[in-house]
Amino acid sequence: MPFGLFVRRELITSTRRGAAFAERRQAVYVAALLIGGCFGVWEWRDWDRESVAGASSFGFAMFAALVALETVLVLGFVAGTAAPAIAGERDRKSLDSLLATRVSSADVVLGALGGTLLRYLNRSAALVPILVLVMYLGGIDPRLVALSVAGLFSTALVTAALAVAVSAGAATARDAVAFTMTLALVLMYLPLLALILLPRIWPAVTPWTAPIAVRLLDGSPLGVVTSLAGMTPRGPVIPQVLRMIAIQTVASVVFVFWAIVRLRPASRAVYDMEGRASLLRALRARWRPRPPCGDDPVLWHAMYSRPVVGEFWRLVERLFNIVWVACFAYGVWLFAAPSFVELLEWGYGPGPSNLRFPELNPMARMLVARVSGSPMIGEPGQSRLDFNIVLRQLTGAMTFVYYLMIAGAAAESIVNERERDTWLGLIVTPLSGWEILRGKMLGVIWKTRALGLVILAAWLVGLLCGALHPLGLLAAVAAGGAACGLFVALGGSRSLWSIDRAQATGRVIAPLTFSCMLGALPFMMPGVVGLVAAVGSPPFQIWSALLSYDDVRDLIRSEGVAQFAVIGVRGVAGARLLLAAWLIGVTAQAVGGLILLRVAVRGFDAAVGRPIRGRSEGSRGCSQASIAP
C-alpha cells in the first residue's frame, strides 16, 4: 500500500473537520498581530519610516521578526502534529490492526511524515501574500526570502522526522509529544551551553566536546541567530544557512530510517512493557499500597495511575528533571547567598534609602562575573534588590511554561479518554458532570505540580532572605492561583467540546500564548497603553506582584516604585493605577474560570450525549412512562 493513502486520509479528515481552514486563519492572525506590533513599536519609538532607508530598515526588521516567529511556531506546530501521528494510533488500538495487513513500516512512517508536512505547507500557504507584501514594500532581496523559506522548511522537516521517530516507539501520544519537545529543546540549546560553560567548568573535555557541539549548533536555527549576534561567528549567513539545511536533511533521513527500523519491534515491546508494568505495580503495592478509591474515582485515577513508559525513557526523564532543577537551584543560590549575608547585616526591612536601581540587569552582571572569573560588582545593600529583580524575571518566564503545561494537560484530559475508548465506560457510570470535571481538573494540577512547587520554593527562598515581602508572596500566589484556575477550566471545557487532541490543544494554546505575549508590551511600549494591554497577562501579573520591602515602603510613603519605572509607571498615581489594573486582571481571571467551569458542568450531559435529566418531577414521570414496557 503506498504511503500516499495516509496523506490523502489526512487531507480528507483535516478538511472535513475544518482544521485546514482553522490553521490557515491562525497563521494569518498571528502574522497580522506581529506586523501590527511592529508598526506600533515603530510609531511609539518615533523611528523613521518615511524615507527610503527608514522604510527599508522597517521592512527588514518586520521580515526578520516574521521569520523568527515562524521558526518558533514550527517547533510547536510540527512537533504537536507529528508526535501523536503513530502513538495516537497505538492509543486507539488501531496500529496493531494496521501492522497486521500488508502495510509496511515505511508506509506508516512516511505517511505520518507526509501528512504532517502537508498540514504545515497548508498553514504556510496562507502567509505567502503577507510575505510577498513585506518583500515588495520593504525591498527585501528575493534570494534572501527564498533562503529563509528553505531554512524554515528544512527545520520543519527535521522536527517532523524527529517527532515521527519518537512517536514510533512511544507508548502514548502524550509521551510522544513530551519527549519530542524535550529532545528538540535539548538538541537546540545544549550545544550552545556546552560551548559557553564547559570551557569554564571542565576545560579538559573541551577539545572533544567542542567539535560535536559546533556541528550540532550548525544544524540548528539557534546557530544562525548566535552567529549573526557575534556569539559563535561561523562566517557569512548564506553559507551558514545552506550548511544548516544540509545537516538537517541528513538528520531527517537518519531519523526516518530509525523510525522505520524500530516501528514493529517497538510495537511488540509495548505489550511486554505493559506486562512488566503490571507486575511492578503488583510488587510495589506490597510495600507502598495505594489508598482506597473512595468517593472520588476520577481524581484517584489521575493521582495514582501512571502511563506505561519504558525504563529507559523513565530514567531519561528523571535525569532531565534532576539536571534542570539542580541548575535552577544553583542559579537561585548565586543570588540568594549574598542576600542572606546582607540579611544578617540589615535585617528584614527596606534597604538603604540612597540605593539606586541598577542600570545593568543582575543576571547579565552575574554571567559576566562567572565567565570572567571576577566577583560580581554591586553597591552595598543591593544584593536583595538584585535577587528580587531576578525572581521577577525568572519566575515570570517560568510561569508561562507552567501555564502551557497546565492548559495542555487539561485540553488533553477528556480527549485522551476518547482516543483510548475509555470515555464511554466513564460516562455510563452514575458520576455527574461536576464530579468528572472536578476530578479531571484537580488531577491536572496534581500531575503538573512539580514545576509549580519549584517556582513556589524560589519565592520562599526570596521571602526568607528578605528579597520578597510577605504581601508580595501572597499577591503572587493569588495571581498564580487565579491564572491556574482559569487555564484549567479553559482546557477542560475546550476538551469537552473538541473532536481530537489537535483541536483541543489549538483552542487553548492560542489564546494562552496571546495573553502571555501581551505581558511584553509594557516593556516595549512603556506607558499607560502598554499597561492597559497587559492587564490580562498572567506572567506580567506575577512580575508586578513580587513586591520587595523597598516597594512596600515606597507605596506607604506615596512614592513611585523604582521597578515600575522600567514600564513607564512613575509616581504614586502610576503605581496605584498598576495595582488597580492588577486587581482587576486577577479578579477577572478568577471569575472567568468559575464561569467556564459552570458552563462546562451545565452543558456536560449535552456535550457527551447522555440523556439530560428532567427539571421537574412531572418531566421525570413522563420520561419513565415513555420507556415503560
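Q: In which helix do Asp550 and Arg553 both lie?
A: In this predicted model, local features need pLDDT of at least 70, side-chain atom pairs count only at pLDDT 80 or more, and totals for chains, interfaces and linings use all residues. Residues are numbered from 1 along each chain as its sequence is written, and side-chain values use heavy atoms, with hydrogens and water left out. Asp550 and Arg553 are three residues apart, about one turn of the helix. The helix that holds both, taken as a DSSP run (H or I, at least four residues; strands are E, at least two) and numbered from the N terminus, is α24.

Q: How far apart are the closest N and O atoms of Asp550 and Arg553?
A: A salt bridge requires a side-chain nitrogen of Lys or Arg within 4 Å of a carboxyl oxygen of Asp or Glu. Asp550 and Arg553 form such a bridge, and their closest N and O atoms are separated by 3.9 Å.

Q: Is Asp550 buried or exposed?
A: The classes rest on relative accessible area, with buried under 20%, exposed over 50% and partly exposed in between (1.4 Å probe, protein chains only). Asp550 has 16% relative accessibility, so Asp550 counts as buried.

Q: Which residue meets the side chain of Arg392 in a salt bridge?
A: Arg392 is in helix α15 and its partner is in helix α24, so the pair ties together parts that are 159 residues apart in sequence. The N to O distance is 2.8 Å, and the partner is Asp551.

Q: How many residues apart are Arg123 and Glu70?
A: The side chains of Arg123 and Glu70 meet in a salt bridge at 2.9 Å, N to O. Arg123 is buried with a relative accessible area of 6%, and Glu70 is buried at 5%. Arg123 belongs to helix α5 (residues 105-125) and Glu70 to helix α3 (residues 52-91), so this pair links distant parts of the chain, with a separation in residues of 53.

Q: What is the count of salt bridges?
A: Arg215, Asp218 and Arg243 are linked in a network of salt bridges. By the 4 Å rule, the count of salt bridges is seven.

Q: What is the volume of the largest cavity?
A: A cavity is a set of points on a 1 Å grid over the protein atoms alone where a 1.4 Å probe fits but cannot get out. Grid points are joined across faces, edges and corners, and a volume is the space filled by probe spheres set on the points. A search of the whole structure finds three cavities of 30 Å³ or more. For the largest cavity, the volume is about 70 Å³.

Q: Which elements each supply at least two residues of the lining of the largest cavity?
A: Lining residues have an atom within 4 Å of a point. Eleven residues line the largest cavity, and those closest to its centre are Gly351, Arg384, Leu385, Gly466 and Asp550. The elements in question are α15 (383-419) and α24 (549-556).

Q: How many residues line the second largest pocket?
A: A pocket is an open set of grid points with protein on both sides within 12 Å along at least five of seven lines. The second largest pocket has a volume of about 360 Å³. Val158, Leu187, Gly219, Ser220 and Gln248 lie nearest its centre, and the number of lining residues is 17.

Q: What is the accessible area of the nonpolar patch formed by Leu185, Tyr189, Leu190, Leu193, Ile196, Leu197 and Met231?
A: Patches are made of residues with over 30% relative accessible area and no salt bridge, with like charges joined within 9 Å and nonpolar side chains (Val, Leu, Ile, Met, Phe, Trp, Tyr) within 5 Å. Accessible areas come from the Shrake-Rupley method with a 1.4 Å probe, and for residues only the protein chains shown count as cover. One member, Tyr189, is found in helix α8 and is partly exposed at 43% relative accessibility. Together the patch residues have an accessible area of about 640 Å².
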